[in-house]
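Take a first look at the sequence and the model below.

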Amino acid sequence: MRNAVAGRQQQGRESKHAPGRAKDVHPRDCIAERSAHQAGEPPSAIIAAGEASVSPPTYNLRVTANTEPLRMPPGQTLLFDADDTLWENNIYFERAISSFISYLDHRVHTPEEVREHLNHVERATIKAHGYGLQSFRRSLISCFEQLTDQPVSPEKHERIVSFAQSIADQEIEVLPGVSKTITVLAERHRCILVTKGADAEQREKLRRSGLAQHFAAVEVLAEKNDTAYRLLAEKHDCDPTRTWMIGNSPKSDINPALAAGLHAVFIPHDFTWVLEHEVVNPAPAGQHLLELNSFVELGDHF
């Protein structure tokens, strides 16, 4: 995920269900169910293992749910994502991008087109330089140069850099209920922070969050994929049957963890970075996938 936060388009929880206890649903019924209950808040759900999936139009469509409660015994290993799971992050990037697009004020391209081009530039920058604020600054400057077809003057460079700096200057805003909930969870389970990006940036955010004491280990990965999760599980002697990846990103947290043989807990965030959007895969047979409304609900299951 990003290593700091901005004004990207709001990405709401596109999987909406009517209030009340989750019921058994079949994958092919999910799209119709969402349309019928677009205004409702989604209840927490346990997503059953081993069901077939369809290709839905939204990134966090439920696959299937049941009404059986799941309460795990002490001694689990809980792997926690950081950005937009423990603390706010992408909203600050979204604000910075909004300011950048307004400053560019392109005479030909619409703001939406500028944003799409920036997404393209960011993908290339990340591939070459990884995640983090320095990479984000590179993307803003490259996008400006490409769309204006001219080099960035020192004055304009300073202004563009200020958009990224506004992210670094943000206080760490721990998400509601996280501090109290993780304090309880750390007493019952082994907690490991698993994030990605620039190592120094991520560790500094953890320090500033006041949550560091709850983690037995901290892993800052270059990328979060199934290979990385397998290596991490081996390094920390994680029993896959008792290990859970908890996060907001289908692309980096949920799908690769499931592919690596772990369980997963999906906690959607309204401003998940668009480059992290992906259809949530069903849990393979013998694995569990939970979707919760909030971090606090972890206390009901762990």
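Which hand does the crossing of α3 and α4 have, left or right? The crossing of α3 and α4 is right-handed. A crossing is right-handed if the near helix is turned clockwise from the far one by less than a right angle, and left-handed if anticlockwise.

This is a predicted model, in which local features need pLDDT of at least 70 and side-chain atom pairs count only at pLDDT 80 or more, while totals for chains, interfaces and linings use all residues. Residues are numbered from 1 along each chain as its sequence is written, and side-chain values use heavy atoms, with hydrogens and water left out.

Stay with this pair. Helix α3 covers residues 111-129, and its axis comes within 9 Å of that of α4. The two axes cross at roughly 130°. α3 and α4 are therefore oblique to each other. (Under 35 degrees counts as roughly parallel, over 145 as roughly antiparallel, 65 to 115 as roughly perpendicular, and the rest as oblique.) The contact (heavy atoms within 4.5 Å) involves residues including Val114, Leu118 and Glu122 of α3 and Phe136, Arg138 and Leu140 of α4. By class, this contact has eight nonpolar, seven polar and two charged residues.

Helix α4 (residues 133-148) also meets helix α2 (residues 90-104). Their axes come within 12 Å and cross at roughly 20°. That makes α2 roughly parallel to α4. The crossing of α2 and α4 is right-handed. Among the residues in contact are Phe93, Ile97 and Phe100 of α2, with Leu133, Phe136 and Phe144 of α4. Twelve of the residues in this contact are nonpolar, one is polar and none is charged.

Now the whole chain. It has ten helices and eight strands. The average pLDDT, the predictor's confidence in each residue from 0 to 100, is 80. At least 70 is reached by 77% of the residues. Over residues 3-67 the pLDDT is below 50. Where pLDDT is low, the predicted coordinates should not be read in detail.

Last, one residue. Threonine 243 lies in strand β6 (residues 243-247). Threonine 243 counts as buried, at 0% relative accessibility. Leaving out residues up to four places away in sequence, threonine 243 touches Thr77, Leu79, Cys238, Leu262 and His263. Alanine 233 is ten residues from threonine 243 in sequence, and 8.5 Å away in space, C-alpha to C-alpha.

Conventions:
Axes fitted to C-alpha atoms, helices over the stretch in contact; angles between N-to-C directions. Helix = DSSP H or I, 4+ residues; strand = E, 2+ residues; numbered from the N terminus. Nonpolar A, V, L, I, M, F, W, Y, C, P; charged D, E, K, R; others polar. Buried < 20%, exposed > 50% of the residue type's maximum accessible area, 1.4 Å probe, protein only.
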